[in-house]
Amino acid sequence: MKQVFGRPETLTSVPTHYCPGCTHGIIHRLIAEVIDELGVREKTIGISPVGCAVLAYDYFNCDFVEASHGRAPAVATGIKRTLPDSVVFCYQGDGDLASIGAAEIIHAATRGEKITVIFVNNAIYGMTGGQMAPTTLPGQKTTTSPRGRNVESAGYPIRVAELLSSLSGVAYIARVSATSPANVTKAKRAVKKAFETQINGKGFSLVEFLSTCPINWGMSPLEAMKWVDDKMSVYYPLGDYTRVPEVG
Amino acid sequence: MGEKVLMKGNEAIAEGAILADCRHFFGYPITPQNEIPEYMSRRMPEVGGVFLQAESEVAGSNMVYGAACAGARVMTTSSSPGISLMQEAISYVAGAELPCVFVNIVRGGPGLGGIQGSQADYFQATKGGGHGDYKLIVLAPASVQELMDLTVEAFDLADMYRNPVLLLGDAILGQMMEPVVIRERAKVDLPPKTWATTGAKGRPKNVITSLSLDPAKLEEHNLSLAEKYARISNEQVRYMTYMADDAETLLVAYGTSARIAQAAIDMARERGLKVGLFRPISLWPFPYDALQLTAQGSLRVLVVEMSLGQMVEDVRLATGNSKSVHFYGRTGGMTPTPREVLNEIERIVEEGI
């Protein structure tokens, strides 16, 4: 009998530690499917962050490096500059990429490093127990913004896709979500395009996923999906943010 | 015998790295080591290598982490405040057992400090610096020739033990010019880098991490590091002596201070004083046993450093309570003169302490 659905070769059979209703698992699967479809598993090196996805190396069946907090784009740069024919991707959360690693992501992007970054934005620090993130929405309650994020004192959330899209080294950048089958299909298309951008040597590519954290948001998985669609997608509109790089 | 050329200390480090087949350099500007990234930016493209100016020492040292993961011979260089920023990556490469070379052309501190030569980073270099149970191999050259030769050797040691190596110089060594003989590199048998993350082609995947959430496993890992450090301590102790055989007063100094001490010893000998030098070259592993043996026949020990006296503790560990251990040093980027050191020798000899 012909098998029509199964685990991608690029995923291991290790059960993930992710909470129910979190979309890390879906995002992992999309990346693995794309790597399988592009036939690059044997030359792919992933870099996991510090955050909920720190153990991503247990779930992906390809070479993997665990980076220090926020430094994945720098580590990826070191790997890619050593192995220019390899496919290198970073998997980073919002605290990792947009807070402590803000310098590293901006400079990897502006250098046009031929790497792919999967940025998972769930508007909160998940692993450490629900503290305010650089992407926490105004008014959003977290354990370090118990009365809701006050922009007067805590400032405003960072729109990473828009911010990085101004840099000429960025060859592809998009924001997606995994809240519905239709959105998952679009998200996979974006992930594939990002990896193809790297493989074709065009420059830096990044896909920002709006993701869920039902546990720390204090919501059911369904409510969390709806919150991404109703609230997060308003502040962080989905879409392709690629600009034609300006020369000079 | 190789070619003899006049070189600046910092350039000798850079060319030493090229000789050692280092083809990846990541760096960030900071005085007094800027000649190294400048040299590398010219030289690396000539030899098909990679030069990249990082956005910070934090990023540069993590690029080193990445390149080392991919199996490259890789180096970064900086000076004291920049090396402080690299401590995160240094702890990670030590934990993940990645071979790579760091160079610290030390300047006065603490804080932003100054830009003159100093030896005030001894504790940071030899006692940890970053977090966790780890050790760097720390080499202390005292001439431009040694800057080159020890840089070459640093890469072999790093590969041999899968351990980061730190070359500890200072602004004076980095900036001074001396003749250097460019030697043929001795071939060393090194283990293949089967652990590197180069893509899982025809083999199971490789994972490089310093994370171990199970404390029993982390302890096991740390004990295996301890076993490696014990092996390095047995195999890689380096030192030199100068007129130490009959020395009643034994000076202990490394790097630039050892050069100054040597000049003071020559002046003291002219005055009939029996003075000699013990110069640690490996600051870790520190030559405890060799120093104890060398100091056995001496009446007293004088440690000379360009700091408030950081190596004194290791010298006392070596000599125990059997010797009086004195210290003379200048700090903040000031350099002791041979005359000052001689005055101190004469003082402790006259006072019989």
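Two strands are taken to pair if DSSP finds at least two bridges between them. Helices (H or I, at least four residues) and strands (E, at least two) are DSSP runs, numbered from the N terminus. The model is predicted: local features need pLDDT of at least 70, side-chain atom pairs count only at pLDDT 80 or more, and totals for chains, interfaces and linings use all residues. Residues are numbered from 1 along each chain as its sequence is written, and chains are lettered from A and ligands numbered from 1 in the order in which they are written.

Strand β2(A) is joined by two bridges to β9 of chain B (residues 207-208). The two strands run parallel. Within this pairing, A:Phe64 stands opposite B:Val207.

Between the chains, 28 residues of chain A are in contact (C-beta atoms, placed from the backbone, within 7 Å) with 32 residues of chain B. On the chain A side, two or more residues each come from β1 (44-48), β2 (63-66), α3 (72-82) and α5 (102-110). Helix α3(A) gives the largest share, eight residues. This side has 13 nonpolar, eight polar and seven charged residues. Here Ala, Val, Leu, Ile, Met, Phe, Trp, Tyr, Cys and Pro count as nonpolar, Asp, Glu, Lys and Arg as charged, and the others, Gly among them, as polar.

Chain B is assigned domain 1 (3-235) and domain 2 (240-350), with bounds from an automatic or database domain assignment. Their C-alpha centres lie 28 Å apart. In chain B, 27 residues of domain 1 are in contact with 22 residues of domain 2. The largest share of the domain 1 side, four residues, comes from α6(B). That side divides into 15 nonpolar, nine polar and three charged residues.

Key: Two residues are in contact if their C-beta atoms, placed from the backbone, lie within 7 Å.
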